[in-house]
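The stops below can be taken in order.

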Amino acid sequence: MKFAVRSALVAGVLSIAVLPNAFAEDKAEDAVKYREALMEVVGGHTQSFFALLQGKVSHPEDLAWHADSLAEASKRVKGAFVQNTAGSGAKTEAKDGIWAAGSEFTKLAGDFETAAANLSAAVKSKDQAAIGAAAKALGGACKGCHDKFKED
């Protein structure tokens, strides 16, 4: 019992000691890798969702999971692009203009978040027309941001 309490105490003290490092600015390369990994998650769920919606694959039970996962991932996009990595030498597909865009990027990322949440709700409703409209809106939200801020 003493060992368990002592171990928990040591772990707590160590976690507090390292906590400030958790909020330090990331290395540019790591920030870019994180953003890219997040966007790969978004892309994977989007591609899978549309493959299901178009009947290219038959796992209809996964439609809601992909829609919900997109809604969750969309909440993280704004935060993933907080750190300006322009001029850092880190290889990225984000155009340098994204950092100067400020509220424009925030709005477009918010549009994506809203579209993903609406898609998730539409899938839950099982209304095919609503799902189609929400899927189209999601595609438009992705395109709007990519056209403006992603290198080809």
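Select Lys148, which is partly exposed at 42% relative accessibility; the term covers values between buried, under 20% relative accessible area, and exposed, over 50%, with a 1.4 Å probe and protein chains only. This is a predicted model, in which local features need pLDDT of at least 70 and side-chain atom pairs count only at pLDDT 80 or more, while totals for chains, interfaces and linings use all residues. Residues are numbered from 1 along each chain as its sequence is written, and side-chain values use heavy atoms, with hydrogens and water left out.

Lys148 belongs to helix H7 (residues 128-149); helices here are DSSP runs of H or I with at least four residues, numbered from the N terminus. Show what surrounds Lys148: apart from neighbours within four places in sequence, Lys148 is in contact (heavy atoms within 4.5 Å) with Lys95, Glu104 and Leu108. Then pick Ala101, whose C-alpha lies 9.8 Å from that of Lys148, although 47 residues separate the two in sequence.

Next, display H6 together with H7. Their axes come within 8 Å and cross at roughly 160°; axes are lines fitted to C-alpha atoms over the stretch in contact, and angles run from 0 to 180 degrees between N-to-C directions. H6 is therefore roughly antiparallel to H7, a label for angles over 145 degrees. The crossing is left-handed, meaning that the near helix is turned anticlockwise from the far one by less than a right angle. To see the contact, select residues including Phe105, Phe112 and Leu119 of H6 and Ile131, Leu138 and Phe149 of H7. By class, this contact has 18 nonpolar, three polar and three charged residues; Ala, Val, Leu, Ile, Met, Phe, Trp, Tyr, Cys and Pro count as nonpolar, Asp, Glu, Lys and Arg as charged, and the others, Gly among them, as polar.

Stay on helix H6 (residues 103-125) and move to Ser120. Is Ser120 buried or exposed? Ser120 is buried, with a relative accessible area of 8%. Its side chain makes a polar contact with the side chain of Asp68 at 2.4 Å; such a contact is a pair of N or O atoms within 3.5 Å, one able to donate a hydrogen and the other to accept it. Beyond neighbours within four places in sequence, Ser120 also touches Ala67 and Ala71.

Finally, select helix H2 (residues 28-53) and helix H3 (residues 63-74), which pack at about 150° with axes 9 Å apart. That makes the pair roughly antiparallel. The contact of H2 with H3 has 11 nonpolar, five polar and no charged residues.

Technical notes:
Helices (H or I, at least four residues) and strands (E, at least two) are DSSP runs, numbered from the N terminus. Angles under 35 degrees count as roughly parallel, over 145 as roughly antiparallel, 65 to 115 as roughly perpendicular and the rest as oblique.
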